[in-house]
Amino acid sequence: MKEFMFYIRNAGNAKIALSADEHLAFIKKCESYIERLKNENLLVAAQPIIREGFILSKSTGGWIKVPVDPNKEVQVGYYHIRANNIDEAIEIAKENPEFEYVPSATIEILPIKMKEEETNFIYPSN
């Protein structure tokens, strides 16, 4: 099996329009999704991300630290999953409850590099 990262993004505070009952239903569907992935041995890790923090960059003048703007598109969570190939990873991502509850939701799906071919260095994993 290969490993993939799903980066979940939403525009601004997209879930603010959800009622308390809708938000609870969303959370419960996420919990069920995570449980199913765990039971099928497809999940390595998953976490929501708090919309606070900084974007760090380096310039010739030194470090630049800019607060994350929670009103813009932000990463709100991630899933580290296992799948046989990218197509299977895409199918797993399509089942994410984020798409049902948040119209602006996107999921970036990227394969994880496990080994450097030039040096045979194997990256640590869980």
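Reader: How far apart are the end C-alpha atoms of helix H1, and what should its 20 residues span?

Author: Keep in mind that this is a predicted model. Count 1.5 Å a residue: the 20 residues of H1 (residues 20-39) should then span 28 Å, and the end C-alpha atoms are 29 Å apart, which agrees.

Reader: Thanks! Which residues of H1 are buried?

Author: Look for relative accessible area under 20%. In H1 that picks out Phe 26, Cys 30, Tyr 33 and Leu 37. Seen down the helix axis, these residues fall within an arc of 60°, so they line one face of H1. The face turned away from them carries the exposed residues Ala 20, Asp 21 and Asn 39.

Reader: What do the buried residues of H1 pack against?

Author: Their partners are strands S1 (2-10), S2 (43-48) and S5 (74-83), together with helices H2 (86-94) and H3 (98-101). Just after H1, Asn 41 takes a positive phi of about 55°.

Reader: Which residues of H2 are buried?

Author: Here they are Ala 89, Ile 92 and Ala 93. Their arc around the axis is only 100°, which puts them on the same side of H2. Asp 87 and Lys 94 are exposed on the other side. The cover over the buried residues includes H1, H3 and strand S6 (106-111).

Reader: And the surface: which residues make the nonpolar patch?

Author: Ile 55, Ile 64 and Val 66 make a nonpolar surface patch of about 250 Å². Val 66 sits in strand S4 (residues 62-67), and its 40% relative accessibility means that Val 66 counts as partly exposed.

Note on methods:
Residues are numbered from 1 along each chain as its sequence is written. This is a predicted model: local features need pLDDT of at least 70, side-chain atom pairs count only at pLDDT 80 or more; totals for chains, interfaces and linings use all residues. Side-chain values use heavy atoms; hydrogens and water are left out. Helices (H or I, at least four residues) and strands (E, at least two) are DSSP runs, numbered from the N terminus. The expected span of a helix is 1.5 Å times one less than its number of residues. Buried means under 20% relative accessible area, exposed over 50%, partly exposed in between (1.4 Å probe, protein chains only). The arc is that of the directions from the helix axis to the C-beta atoms. Contact means heavy atoms within 4.5 Å. Patches are made of residues with over 30% relative accessible area and no salt bridge: like charges are joined within 9 Å, nonpolar side chains (Val, Leu, Ile, Met, Phe, Trp, Tyr) within 5 Å. Accessible areas come from the Shrake-Rupley method with a 1.4 Å probe; for residues, only the protein chains shown count as cover. A salt bridge is a side-chain nitrogen of Lys or Arg within 4 Å of a carboxyl oxygen of Asp or Glu.
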